[in-house]
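Please look over the sequence and the structure shown here before reading the report. The text is meant to be read alongside them.

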Amino acid sequence: MKLAYWMYAGPAHIGTLRVASSFKNVHAIMHAPLGDDYFNVMRSTSERERDFTPVTASVVDRHVLARGSQEKVINTISRKDEEQHPDLIVLTPTCTSSILQEDLQNFVDRASLSSESDVILADVNYHRVNELQAADRTLEQIIRFYLDRARKRSILDRSVTNTPSANIIGIFTPGFHNQHDCRELKRLFGELGVAVNQVIPEGGYLKYLKDLPRAWFNIVPYREVGLMTATFLEKEYGMPYISITPMGISNTADFIAQIGKLVNVWAYALLEKRLNYKLYVDNQTKFVSQAAWFSKSIDCQNLAGKEAAIFGDATHAASITKILVKEMGIRVSCSGTYCKHDAERFNEQVQGLCGEVVVTEDHTEVGDTIARIEPSAIFGTQMERHIGKRIDIPCGVISSPVHIQNFPLGYRPFLGYEGTNQIADLIYNSFNLGMEDHSSDVFGGHDTKGISTKSLSTDRSDINWTPEAESEPNRIPGFVRGKIKKNTEVFAKQNNIPEITIDAMYAAKEKSNP
Amino acid sequence: MKNSDIPTFECETGNYHTFCPISCVAWLYQKIEDSFFLVVGTKTRGYFLQNAPGVMIFAEPRYAMAESEEGDISAQLNDQKELERICLRVKSDRNPSVIIWIGTCTTEIIKMDLEGIAPKLEKQIGIPIVVARANGLDYAFTQGEDTVLAAMTHRCPDFTPRVMNQQKGDVAKLVASPGDKFFDGKIGLNRCSLVLFGSLPSSVASQLNLELKRQSISVSGWLPSQRYNELPALGEGVYVCGVNPFLSRTATASMRRRKCQLVGAPFPIGPDGTRAWIEKICLVFNVKPNGLEERENQIWKTLTDYLEIITGKSVSFMGDNLLEISIARFLIRCGMVVYEVGIPYMDRRYQAAELLLLQQTCRKMRRPMPRIVEKPDNYSQVQRMHELQPDLAITGMAHANPSEARDIDTKWSVEFTFAQIHGSANARDAPELVTRPLRRKGDSLSDCRSLSRQTLDVQQS
């Protein structure tokens, strides 16, 4: 057993449900107790979804516990089949079903005999994988299912399209800025003269999946979901894929260079010409994206050497680290991810770019690390935003887990050239707000907040402050207040001072500023 | 819709959306200040808990998960040792006065003996451990609170005459304020003790105390109390009365196990409910109610602006929190027509007085008796709603946005559990919630009605 207050990635079934409900006309049936259909609420509220979430529970109650599900799961499947005529029903196991160890595959086999819809059992193990891994696996499973079938029925069209084309794999609900990223990618492809063959799973129809292999190549914008599908398509259908995330100027340039390479493999034979994207990249970098100019401008000069801490999923944390260090000259003291399963690759990505690497699923560890480093800005998830609030450090949200405010109505991609603009704004605003705050503190400004104890770790210091000493730090500007308080407490501990008086405080100050 | 006066109950498939009962943690840990709630279960429950109470998690809540891992499920790890390790950590981090273990579906399925382990660990670590099985196999949403409070009735001190005398002393002190003419000489009637159960914000609880004090009835305690060690005394001679309709197990536990007497009353929701609630308590304590009618009329007068909006409008409850009957009764009294009352579970004995008041209200207001659907089926309910086109649907968040897109105004049902809707003083809060979707109508968008993407779906149904 593990004591846990908060988690970054959800349980496995959430990943399966996210993929299933992203496809068009796919219904997921959860084998779960009452109340576990919480996914519907999340999707309906965070994405402001207009349509009923196609997820139903086959409710596990006392009777199921006593006698097994028996006909219940099958009845639920056939009922959904009749009511809503989905193309596919995905039976989704939850932690409950994994403990009950019912033969769900058997239910699927029996239900598919009578139902019009296809029925499959999501092949995810609750104990072994988290939300993201399960999503990756389920996507691959569905693609494999339909391609294998098309091959068996010999309706698979394996000829590549006449003009260059690509599949975008891994856009799904409710992903962090996924919808905007998808639009930006489509625009990018349009400008490169590459058609988008299919986007999966978001908005994809299963009947078109058989045409997936017609694309010249695949792209996987986010490492967490889509890689399994891309490797499957490469192995079975010889489709190359690009797994570079086009986030930031240099990554986007690399991404386009890769596309150029893959397009030219076929272009010469099919179009009798070679495509060159170099000029396009130059032009975009100089004029469409403002980020390159921004990093040369005086604004960005002021950021040079400032410290930042980064935490998020592997894709976003690694890309943002790279942008901050290489494109803006900001010092990243700590970069981390909760994608433990992808730790090796993450380490490789941020190698040499940051002071320390944190790979953990424990938010208190992240919080303590940030509190120790005291960076000028944090880039993280909603959790880090709240950590930042408590210790007065601004935070830009760059990755899921997300909140409704991370589903903006306006256009906010993180990918492509428009993405670089958005990210530059986000970064600059985070740092700038922090500095504004500090300058108003320096001039005694409008600071009426009580002073907080700054410590985030659970083992609170047991040092007392006398009331006079307590009020003393209020006269110090906010941005150094935390550090001074901490230094004083450390000094008190080292010198066995049980209670901090004003004298002790100034003694500590003298010691630390020789 | 039934026109007869006898309520009929239907029962559907139970395929409806509601919150997992462990969500009670989110409000109970705030109510009981010195408690710590430990939810024993899997990641699924933790994920729910961190998403449902939203940002509350960031305020260093006094609740956490004891997350079972594969080793726990296959019994490779010893439950007692694992829980001991975790509880010791909680003790050193937060030092609570009580740890409440919330059993979940997981602990039910693997038959983890929480009730057996708790007394042993309690001795070992020196903190009381209360076990509540608030799982989704048996219960829905607010029933979670019921399981916790029922478990707590066992921890309430015994009611003894000494305690009673002391309480009388307390009452005397309270009454001593000069100029309070209601109380003069009436204390003598109040021989028995009255304990109210149900978790309410402390301001609402003291408003209800005050309402009863006006009738010279003093409340000797609340279950739950603000702090664990202030739990009220229970025992023979104690009258208990519920303030919420989902507390039937707590009622049963205090009657059967603690020999208390239950005052079966409608619930103090709406001015009509509050008056009926007070009247019933007065009846039991043999007190002649004083000025209740004028007070109710006064409150109704303050609601005039809302009543103008909702009179004659229709409403359907999809059902997810067990407050449905009381709110429906209040809304019918406000002049609304209720088509359907979905409800997860209907305890006809515990809610008998409330059901009777519903019947009387329907007759008085000349409204048809609504259809009461236990364990509803959300899919069928949505179909029915397309047919009946109510002016308002009171429903969970999973259905709210899709219904709005299909041009059915909705109110999110969970808000009723967190809003302060009890007592006369809060009578405006419920109609405030109900009228919100009806008030915000703008004309500018009236030419694009349905905003659903799946137009097909609507036609099919």
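## Extent of the contact

This is a predicted model, and the description that follows should be read with that in mind. Where chain A meets chain B, the contact draws 55 residues from chain A and 75 residues from chain B. The area buried between chain A and chain B comes to about 5700 Å², and carbon and sulfur atoms give 58% of that area. On the side of chain A, the residues that lose the most area to chain B are Met1(A), Tyr5(A) and Phe52(A), which together make up 18% of what that side buries.

## Polar and charged pairs across the contact

Between chain A and chain B there are 21 residue pairs in polar contact, counting pairs in which both residues have pLDDT 80 or more. The number of salt bridges between chain A and chain B is six. A salt bridge between these chains is formed by the side chains of Arg79(A) and Asp377(B), with an N to O distance of 2.8 Å.

The elements of chain A that each supply at least two residues to the side touching chain B include strand E1 (2-4), helix H1 (12-22), helix H4 (72-84) and helix H17 (382-390). The most is given by H2(A), which contributes six residues to the side of chain A that touches chain B. By residue class, that side of chain A divides into 24 nonpolar, 15 polar and 16 charged residues.

## Strand pairing between the chains

Which strand of chain B is joined to E1(A) by three bridges? The partner is strand E3 of chain B, residues 63-67, and the two strands run antiparallel. Within this pairing, Lys2(A) stands opposite Glu67(B), a residue of E3(B).

## The annotated span of chain A

An unreviewed UniProt entry carries the annotation "domain: Nitrogenase/oxidoreductase component", which covers residues 12-431 of chain A. In the model, residues 12-431 of chain A are 49% helix and 16% strand, and the C-alpha atoms at the ends of this span lie 36 Å apart.

## A salt bridge within chain A

Over all chains, the salt bridges number 46. Within chain A, the side chains of Arg18(A) and Glu131(A) meet in a salt bridge, at 2.6 Å from N to O. Because Arg18(A) lies in helix H1 of chain A whereas Glu131(A) lies in helix H7 (residues 131-152) of chain A, this pair ties together parts that are 113 residues apart in sequence.

Methods:
Residues numbered from 1 in each chain as written. Chains lettered and ligands numbered in written order. Predicted model: local features only at pLDDT ≥ 70, side-chain atom pairs only at ≥ 80, totals over all residues. Heavy atoms only, no water. Contact = heavy atoms within 4.5 Å. Buried area = accessible area lost by both parts, 1.4 Å probe. Salt bridge = Lys/Arg side-chain N within 4 Å of Asp/Glu carboxyl O. Polar contact = N/O pair within 3.5 Å; in protein donor to acceptor, adjacent residues only side chain to side chain. Helix = DSSP H or I, 4+ residues; strand = E, 2+ residues; numbered from the N terminus. Nonpolar A, V, L, I, M, F, W, Y, C, P; charged D, E, K, R; others polar. Pairing = 2+ DSSP bridges. UniProt positions renumbered as here; feature names shortened; annotations may be inferred.
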